[in-house]
Amino acid sequence: MFKENIFPIWNPTLRVKRILEDSMNEKFRFKVYRDSCSAFIAKLTVRSIIFDQCNSKCAQCESSDNLAIDHIKSVLYFFKTRQLELCNIESNLQLLCRKCNSSKLP
């Protein structure tokens, strides 16, 4: 029987949710948000789906070396626009090699 890969939903911990809602320190809130996003894309299920979707190749140069999952629109963009839940959706994630990722504009 074929089992479909269902992309997980970013679901921050209660601690992260409280900090994002209550903390007055914007730098601290962003750091907590960024760390939560990084932890989400490090999950095996997320990595597996994105690597499969991209055929384990860089979205720009098609290299298969030194690949990492990258947010197409930045974590900072979603933080500033207060669209936190949209940052880690499947359509905002891609694979980039180290070279293409480092040449990407902020």
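Me: Where is Asn88 found?
Reply: Asn88 sits in the loop between α4 (75-80) and β2. Keep in mind that this is a predicted model.

Me: Is Asn88 buried or exposed?
Reply: Buried. Its relative accessibility is 2%, and the cut-off for buried is under 20%.

Me: What does the side chain of Asn88 join up with?
Reply: His71. A polar contact of 2.8 Å links the two side chains.

Me: And which other residues is Asn88 in contact with?
Reply: Setting aside neighbours within four places in sequence, Asn88 is in contact with Phe7, Trp10, Cys37, Phe40, Ile41 and Leu93, as well as His71.

Me: OK, on to Gln94. Where does that lie?
Reply: In strand β2, which covers residues 93-97.

Me: Why does Gln94 count as buried?
Reply: Because its relative accessible area is 14%, and buried means under 20%.

Me: Switching to helices. Which residues of α1 are buried?
Reply: Val16, Ile19 and Leu20 are buried in α1, which spans residues 14-22. Down the helix axis, the buried residues of α1 fall within an arc of 95°, so they line one face.

Me: Why would residues a few places apart point the same way?
Reply: An α-helix has 3.6 residues a turn, so residues three or four places apart point the same way.

Me: What's on the face of α1 turned away from the buried side?
Reply: Exposed residues: Leu14, Arg18, Glu21 and Asp22.

Me: And what covers the buried residues of α1?
Reply: The cover includes α2 (26-41).

Me: Zooming out. How many helices and strands are there?
Reply: Five helices and two strands. From the N terminus, the order is α-α-α-β-α-β-α.

Me: What box do the C-alpha atoms fill?
Reply: Roughly 40 × 40 × 20 Å, along the principal axes.

Me: How much of the protein counts as buried?
Reply: 36% of its 106 residues. The accessible surface comes to about 7,500 Å², and 54% of that belongs to carbon and sulfur atoms.

Me: What share of the contacts is between residues 24 or more positions apart?
Reply: 66%, among contacts with a separation of 6 or more.

Me: Last one: how many positive and negative side chains?
Reply: There are 17 positive and 11 negative side chains. The centres of the two sets lie 6 Å apart.

How values were computed:
Residues numbered from 1 in each chain as written. Predicted model: local features only at pLDDT ≥ 70, side-chain atom pairs only at ≥ 80, totals over all residues. Heavy atoms only, no water. Helix = DSSP H or I, 4+ residues; strand = E, 2+ residues; numbered from the N terminus. Buried < 20%, exposed > 50% of the residue type's maximum accessible area, 1.4 Å probe, protein only. Arc of directions from axis to C-beta. Contact = heavy atoms within 4.5 Å. Areas by Shrake-Rupley, 256 points an atom, 1.4 Å probe, with all protein chains shown as cover. Lys, Arg positive; Asp, Glu negative; His and termini not counted. Charge placed at Lys NZ, Arg CZ, Asp CG, Glu CD. Polar contact = N/O pair within 3.5 Å; in protein donor to acceptor, adjacent residues only side chain to side chain.
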